[in-house]
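Please view the sequence and the model below before reading on.

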Amino acid sequence: MQDEAQDPRRSVPRTDTLLADPALRAAAVRLGDTLVKQAVVTAQQRCRAGEIAPGQVLDEALAGLPARATALRRVLNATGVVVHTNLGRAPLSAAAVEALEVAAGATDVELDLASGRRGRRGRSAMAALAAAVPAAGGVHVVNNGAAALALAACALTEAGHGPRPEVVIARGELVEIGDGFRIPELLESAGARLREVGTTNRVRLDDYRAAVTERTAFVLKVHPSNFLVEGFTSSVGVAELTGLVGPEGPVPVVADIGSGLLTPHPRLPDEPSASAALGAGAALVTASGDKLLGGPQCGLLLGRADLVETLRRHPFARALRVDKLTLAALEATLAGPPPPVARALTATRGELCARAERIRDLLDGHVEARVVDSEAAVGGGGAPGVTLPSAAVALAAELAGPLRTDPELPVVGRVERGVLLLDLAAVAAEDDDALVAAVRRAAETAG
Ligand SMILES: *Cc1c(COP(=O)(O)O)cnc(C)c1O
């Protein structure tokens with residue numbers, strides 16, 4: 001048994017005494033009571049364990065306060081993967097971030113201020129989307145690309161009487177999109193029945209023709225956005241598919257283009273775009289908003305006005321509805337200056353190399369660094385097999401850990417053949433100086 005006077009629990013400052021401290025009270029206004037209390041409790045525990053003296057508890061609690069009320073950290077993406085799934089896909093433009101701030105409070109997202117009456121939700125974002133894709137008769141936005149596809153599958157295969165209508169899809173397009181999620185399972189979970197045609201590597205128009213019956217709801221064309229099939233292959237494009245006629249007339253073609261390119265991109269010749277798919281006769285296009293479009297996470301539905309209206313008014317649509325923040329960021333992405341993804345796609349190796357040389361020069365005398373040519377990738381967001389000419393700052397591989405865990409600004413690069421490459425393709429030029437500072441800190445940590 002310990003003597004009470006020596007019991008460390010006796011000398012640990014009390015919680016209410018600590019919470020009454022002006023600095024901690026100010027922190028509670030900004031961060032909330034829970035996070036402040038957590039920091040206090042952690043400091044008290046360290047004191048109880050004999051790791052710090054009672055007189056240090058307050059300072060320890062203050063030092064342990066989080067910077068803000070989210071544990072999410074801003075990270076510099078120096079991986080050379082422009083749309084990086086684990087880093088949150090597309091970074092938003094400054095204009096989109098500003099729009100988020102406006103939308104965060106009470107906003108006229110669903111109110112017409114002139115008349116004082118209810119207005120169509122997100123009408124200015126929808127107008128921006130419609131203006132960006134003139135070929136679309138109707139536009140709608142849902143939570144993500146998968147939601148867009150699920151809504152189409154659910155709403156367009158609704159059974160009148162008899163068996164549920166089918167979705168015709170090529171076996172080579174039964175894609176797994178990531179994290180174990182698969183397009184065919186997504187479609188089936190939305191109630192659709194699949195009619196698979198062709199083989200893994202080849203499908204012909206005749207295969208589709210033979211599969212189209214009075215039970216066909218639509219033909220689905222899925223872009224294999226994260227892999228390439230090479231060699232003895234064949235597939236059927238949207239233009240050919242739109243010629244398919246069933247017993248009840250032309251069969252609608254739904255194109256899941258994945259990446260969200262609205263118009264063809266010169267650097268990505270094989271990547272489908274919404275305008276091209278609609279121009280080729282697709283009745284409906286589904287796509288993500290946070291891949292090559294460079295906007296917030298959302299799913300785009302573009303196409304025939306009657307189909308889009310059917311989807312928009314379907315009960316399931318309410319469960320996939322986007323919030324005001326998404327609408328605001330999407331509108332600013334479409335109407336504002338090119339977002340970071342678009343800028344990354346057009347950067348030349350010369351520009352990136354000049355930036356890498358400047359970074360190397362700023363590190364000179366602090367950290368050993370070289371400038372090397374690099375090959376960046378678009379990423380899980382699309383354009384498999386395409387490399388983007390880039391430049392990187394090459395550092396000792398030992399810096400990878402300290403850079404990634406930098407307390408101020410984590411930097412994620414990629415280690416290749418024992419060298420850490422900080423690829424500049426996905427780093428905004430405005431962040432170059434912050435990158436230099438982070439590398440200097442990491443070098444100090446690494447000793
Ligand atoms: C990414 C992708 C999806 C899923 O979109 P999310 O926005 O991730 O839900 C669906 N289809 C294709 C072809 C894709 O590339």
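Which residue is the bridge partner of V83 in strand 16? The partner is G379. The model is predicted, so local features need pLDDT of at least 70 and side-chain atom pairs pLDDT 80 or more, while totals for chains, interfaces and linings use all residues. Residues are numbered from 1 along each chain as its sequence is written, and side-chain values use heavy atoms, without hydrogens and water.

**Strand 16 and its neighbours**
- Strands are DSSP runs of E with at least two residues, and helices are runs of H or I with at least four, numbered from the N terminus.
- Strand 2 (residues 81-83) runs parallel to strand 16 (residues 370-379), joined by two bridges; pairing requires at least two DSSP bridges.
- Eight bridges link strand 16 to strand 17 (residues 387-396) in the antiparallel sense, and V372 stands opposite A392 of strand 17.

**Strand 13**
- Six of the six residues of strand 13 (residues 253-258) are buried, so the strand is largely enclosed by the rest of the structure; buried means under 20% relative accessible area, exposed over 50%, and partly exposed in between, with a 1.4 Å probe and protein chains only.
- V253, A255 and I257 point one way, whereas V254, D256 and G258 point the other.
- Strand 13 is joined in parallel by four bridges to strand 10 (residues 216-222), where V222 has D256 as its bridge partner.
- Four bridges also pair strand 13 in the parallel sense with strand 14 (residues 284-288), and A255 is partnered by V285.

**Helix 15**
- Buried residues of helix 15 (residues 324-335) include T326, L327 and A328.

Notes: Expected span 1.5 Å × (residues − 1).
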